[in-house]
Amino acid sequence: MQTEATTSRHDGPADSSRRSAPRVETADASLSVDVKLVPSPRGCPPGKLGFGRVFTDHIFQMDWGGEGGQKWHAPRIVPWSQLSLEPSAAVLHYAQSIFEGLKAFRGADGKLRTFRPERHAARFYRSAERICMPPVPPEQFIAAVDKLVRIEEAWVPTAPGASLYIRPTMIATEGFLGVRPAQAYTFFVIVGPVDAYYAEGFGPVRIWVEQTQVRAAPGGLGEAKTGANYAASLQAAEFAKKKGYAQVLWLDAVERRYVEEVGTMNFFVRIGDEVITPPLEGTILPGVTRESIIALLRERGVTMTERRITIDEIRAAHAAGTLREVFGTGTAAVVSPVGALGFADGDLQIGDGQPGEFARLLHDEIVAIQRLETPDRFGWTHDVP
Ligand SMILES: *Cc1c(COP(=O)(O)O)cnc(C)c1O
């Protein structure tokens with residue numbers, strides 16, 4: 001079936017993405033995608049969507065290795081179906097698996113946009129390199145996302161804060177149990193509508209300060225967005241939930257003093273007039289939201305410092321009455337305020353237990369830029385062609 005997507009011109013990423021994306025050896029930035037649509041598209045169901053439960057009718061997929069050769073080939077958008085894998089597929093045994101998470105929005109003007117896709121494409125490239133997978137050229141990553149989002153545009157929710165969540169993923173598909181980088185991969189993109197994260201209010205969460213397990217060690221996978229990092233984080237989060245906390249605060253693996261991340265989000269703390277976030281030194285995931293928040297705070301003239309900070313400094317600030325806010329940042333929730341930090345000797349309440357001033361303001365500002373309700377002076381939004 002011919003669709004607009006198979007014949008439409010791809011404009012390629014904006015200039016800003018060319019600057020920030022890694023160099024790739026591909027002359028052809030466009031992606032000639034084979035499109036096979038379902039006979040009757042379903043469209044977004046009414047009612048609650050939640051997060052990560054509802055998916056659309058189609059999937060983007062392309063392959064590397066096998067009969068098509070050692071290059072990305074056979075880009076296609078096809079009806080949603082199960083993946084077929086050899087039980088010996090490398091991803092199932094040795095966890096060669098990476099992913100991204102970004103969102104598409106219907107703007108206040110009715111236009112479809114994604115948020116900073118070139119930063120996600122660049123990070124996906126680096127994640128692939130870190131675990132010896134063939135990187136997807138950033139232009140192809142963006143073209144794949146654009147084409148799938150355009151085909152599924154009827155699924156993009158219009159309610160403020162709601163969005164189409166986009167999950168690009170790469171897995172090793174070669175059926176071989178030897179320990180070496182696999183020789184066959186699949187890159188796929190799935191998308192699904194999600195509700196505004198704070199449909200039931202912008203409530204602060206309690207966070208357990210994890211003293212036993214660690215998320216990432218220096219030299220490890222911490223800065224790559226791998227499935228393996230998430231597997232490593234599950235047990236501590238489960239223990240925390242049993243104790244009544246929403247997530248854990250991760251400390252560094254070496255000295256168990258420096259704060260690194262909060263759950264699967266980047267960490268920010270406001271002490272007195274300074275906002276602090278830990279620097280990207282290998283164990284922390286370089287969040288796109290983190291980068292955006294830093295830019296927004298600096299634009300406001302706030303003292304925004306990237307430096308290491310110990311949990312003791314945070315306790316001392318609490319004792320001195322200067323600990324004003326703590327929040328996490330990430331694509332799914334944008335900003336998540338922290339109301340209390342839990343220790344073996346009890347909770348340390350942050351501020352008055354209500355969401356902090358900056359947490360709310362930054363959340364609202366980013367959501368407004370995403371829908372272009374406020375000017376996008378940083379060039380963060382990308383028009384989906
Ligand atoms: C994805 C992720 C984040 C947030 O990154 P964003 O680009 O802001 O969504 C933070 N920490 C971890 C561990 C992550 O996997």
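Predicted model: local features only at pLDDT ≥ 70, side-chain atom pairs only at ≥ 80, totals over all residues.

Residues are numbered from 1 along each chain as its sequence is written, and side-chain values use heavy atoms, with hydrogens and water left out.

Begin by selecting 2–194 as domain 1 and 205–370 as domain 2, bounds that come from an automatic or database domain assignment. Their centres, taken over C-alpha atoms, are 28 Å apart.

Next, show the contact (heavy atoms within 4.5 Å), to which domain 1 and domain 2 each bring 21 residues. The two domains bury about 1800 Å² between them, 60% of it on carbon and sulfur atoms; buried area is the accessible area (1.4 Å probe) that two parts lose on being put together, summed over both. Select F99, F115 and R123, which supply 33% of the area that domain 1 buries against domain 2, more than any other three residues.

Now select R116 and E291, whose side chains meet in a salt bridge at 2.8 Å, N to O. The term means a side-chain nitrogen of Lys or Arg within 4 Å of a carboxyl oxygen of Asp or Glu, and two salt bridges are counted between the domains.

Finally, colour β4 (97–99), β5 (102–106) and α4 (117–130), each of which supplies at least two residues of the side of domain 1 that touches domain 2. Helices (H or I, at least four residues) and strands (E, at least two) are DSSP runs, numbered from the N terminus. On this side, α4 gives the most, with six residues.
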